[in-house]
Amino acid sequence: MSTRKITLHDMTLRDGMHPKRHLMTLEQMRTVAQGLDQAGIPLIEVTHGDGLGGASVNYGFPAHSDEEYLSTVIPLMKQAKVSALLLPGIGTVDHLHMAHELGVHTIRVATHCTEGDVSEQHITAARKLGMDTVGFLMMAHMNDAAGLVKQARLMEGYGANCIYVTDSAGYMLPEHVTERIAAVRQALKPETELGFHGHHNLAMGVANSIAAIHAGANRIDAAAAGLGAGAGNTPMEVLVAVLDRMGIGTGVDVWKIQDVAEDLVVPLMDFPIRIDRDALTLGYAGVYGSFLLFAKRAEKKYGIPARDLLVELGRRGMVGGQEDMIEDTALTMARERGLKAAA
Ligand SMILES: C[C@H](O)CC(=O)C(=O)O
Ligand SMILES: [Mn+2]
C-alpha cells in the first residue's frame with residue numbers, strides 16, 4: 001500500500017443534481033448521503049447543481065432550498081464532512097455564512113478558468129470563517145498550463161488552501177491533465193492541496209484522475225454510478241476499485257461503494273447516465289457539461305439536433321453562466337435553417 005493518501009470527494013448530490021434537474025427529494029439526499037458516509041467517503045458535496053443560490057430561471061428551480069438539503073444531510077453524518085459549491089455572481093457571502101452556520105466544512109469557490117480574480121471576496125470570507133477553502137477553476141481545457149498557474153496563484157494568494165483543475169467539459173485527455181496539474185503543483189506552496197474534477201464524456205474520467213494523482217493531485221472528485229452532468233462524473237466505485245488495485249489508500253470500502261452506486265443511485269436516475277451522442281459531443285467539442293439538458297430541450301422546441309447545437313456552442317466558446325445563449329443560438333440556427341418552433 002502506498003503511503004500517499006488521496007481524499008475522494010463525492011459529487012453525487014451536487015453535480016448529480018444536473019441530470020436530476022435539481023429535483024432530488026430530501027429522502028433521496030438522506031439515503032444516498034448516509035450510504036456514502038457508511039462506505040467511508042470523507043467529503044460529500046451538497047447543493048443545487050450550480051451551487052449555493054443556484055435556484056433561478058437561468059439554472060432551474062430545485063425541489064428544496066440549499067438550507068433544507070444541507071440541514072437534512074449534515075446532522076446525519078457519522079464521519080463524512082460536507083462541502084458546498086459557490087459560484088461568485090450566483091452565490092453570495094450571505095449564502096456562505098448560511099452554509100457555515102449549518103456546519104458546512106468545505107467551501108469551493110468556482111470561477112471560469114481565466115477569471116480567478118472574481119473569487120477574492122468569497123475566498124477571503126471563507127478563510128476568515130476558518131473553513132477548508134478551495135479555489136475551483138472550471139473549463140480548465142480553455143486555459144493552458146501557464147495560464148492556470150497564474151489563476152491558481154491568485155486564488156492561493158486570497159487564502160485558498162486547495163486549488164482544483166476542473167475538466168467541466170470532459171474534454172481533456174490524460175496528457176492535458178498531466179501537463180496542467182504538474183505545472184500548478186510546481187507553482188503552489190507545498191502545503192496547498194491540489195484537486196482534479198473530471199467528467200466522463202470521452203470515457204477518460206478514471207484515466208484522467210489517475211494522471212492527476214501521478215502529477216501531484218491529492219483530492220479527486222467522483223460520483224457514485226457517475227451521476228453528474230453530461231455523461232457524468234468519474235464513477236466513484238470504479239475509481240475506488242482502481243485505486244485499491246494500485247495500492248493507493250482512500251479509506252473507502254470497495255464493496256460498500258459499489259452497493260451505494262447500484263442499489264441507491266442507479267434507481268434514482270431519471271435516465272441512464274451514459275455516453276450518448278450528445279454527451280460524447282460535449283467532450284469532443286469542449287462544451288460545459290451542464291448544457292446537455294438545455295440543448296436536448298432546445299432540440300425538442302426548435303428542431304435543431306442537440307449535437308449540432310452543442311458543436312456551435314463549443315465553436316462560440318460559450319461557458320458556464322451563458323445558459324441563456326443556448327436558446328438564443330438555437331433560435332438563430334432554426335431561423336437559418338427555416339425551421340419553426342414547436343407549439
Ligand atoms: C457549476 C458546475 O456544475 C461546476 C462543475 O461541477 C463543473 O464545472 O464541472
Ligand atoms: Mn462538474
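Where is D144 placed? D144 sits in the loop between β5 and α5, and we will come back to that loop below. Welcome to a set of close-up views of a predicted model, in which local features need pLDDT of at least 70, side-chain atom pairs count only at pLDDT 80 or more, and totals for chains, interfaces and linings use all residues. Residues are numbered from 1 along each chain as its sequence is written, while chains are lettered from A and ligands numbered from 1 in the order in which they are written.

View 1. The protein is divided into domain 1 (7-268) and domain 2 (280-336), with bounds that come from an automatic or database domain assignment. Their C-alpha centres lie 24 Å apart. Where they meet, 19 residues of domain 1 are in contact with 15 residues of domain 2; two residues are in contact if their C-beta atoms, placed from the backbone, lie within 7 Å. On the side of domain 1 that touches domain 2 there are seven nonpolar residues, eleven polar ones and one charged. In this grouping Ala, Val, Leu, Ile, Met, Phe, Trp, Tyr, Cys and Pro count as nonpolar, Asp, Glu, Lys and Arg as charged, and the others, Gly among them, as polar.

View 2. Which residues come nearest to ligand 1? Of the 13 residues around it, they are D15, D50, M138, S168 and S290; a residue is near a molecule if its C-beta atom, placed from the backbone, lies within 6 Å of it. By class, this shell holds three nonpolar, eight polar and two charged residues. Domain 1 and domain 2 both give residues to the shell, so ligand 1 lies between them.

**View 3. Three annotated positions.** The UniProt annotation "binding site", from an unreviewed entry, covers D15, H197 and H199. These three span 185 residues in sequence, yet no two of their C-alpha atoms are more than 10.6 Å apart, so they gather at one spot. UniProt positions are given in the numbering used here, feature names are shortened, and annotations may be inferred rather than shown by experiment.

View 4. H197 is part of strand β7 (residues 193-197), whereas H199 is in the loop between β7 and α7 (205-214). Helices (H or I, at least four residues) and strands (E, at least two) are DSSP runs, numbered from the N terminus. H197 counts as buried because it has 30 C-beta neighbours inside 10 Å, and H199 counts as buried with 33. Here a residue is buried if 20 or more other C-beta atoms lie within 10 Å of its own, exposed if 12 or fewer, and partly exposed in between, with C-beta atoms placed from the backbone. Not counting residues up to four places away in sequence, H197 touches Y164, T166, D167 and D221. With neighbours within four places in sequence left aside, the contacts of H199 include D167, S168, G228 and G289.

View 5. M139 lies in the loop between β5 (132-138) and α5 (145-158). M139 has a positive phi of about 50° although it is not a glycine. Buried or exposed? M139 has 23 C-beta neighbours inside 10 Å, so it counts as buried. D144, also placed in the loop between β5 and α5, has 14 such neighbours and therefore counts as partly exposed. The C-alpha atoms of D144 and S83 are separated by 28 Å, and the two residues are 61 places apart along the chain.

**View 6. Another positive phi, at A225.** A225 is in the loop between β8 (219-222) and α8 (236-245). Its phi is positive, about 55°, although A225 is not a glycine. With 27 C-beta neighbours inside 10 Å, A225 counts as buried.

**View 7. Helix α2 and its cover.** Within α2 (residues 66-73), D66, Y69, L70 and V73 are buried. Seen down the helix axis, these buried residues fall within an arc of 90°, so they line one face of α2; the arc is that of the directions from the helix axis to the C-beta atoms. What covers them includes α1 (26-39), β3 (81-86) and α3 (93-102).

**View 8. T281 in helix α10.** T281 belongs to helix α10 (residues 277-285) and counts as buried, with 25 C-beta neighbours inside 10 Å. Leaving aside neighbours within four places in sequence, T281 is in contact with R307, L310 and V311. T281 and Y171 are 110 residues apart along the chain, and their C-alpha atoms are separated by 9.4 Å.
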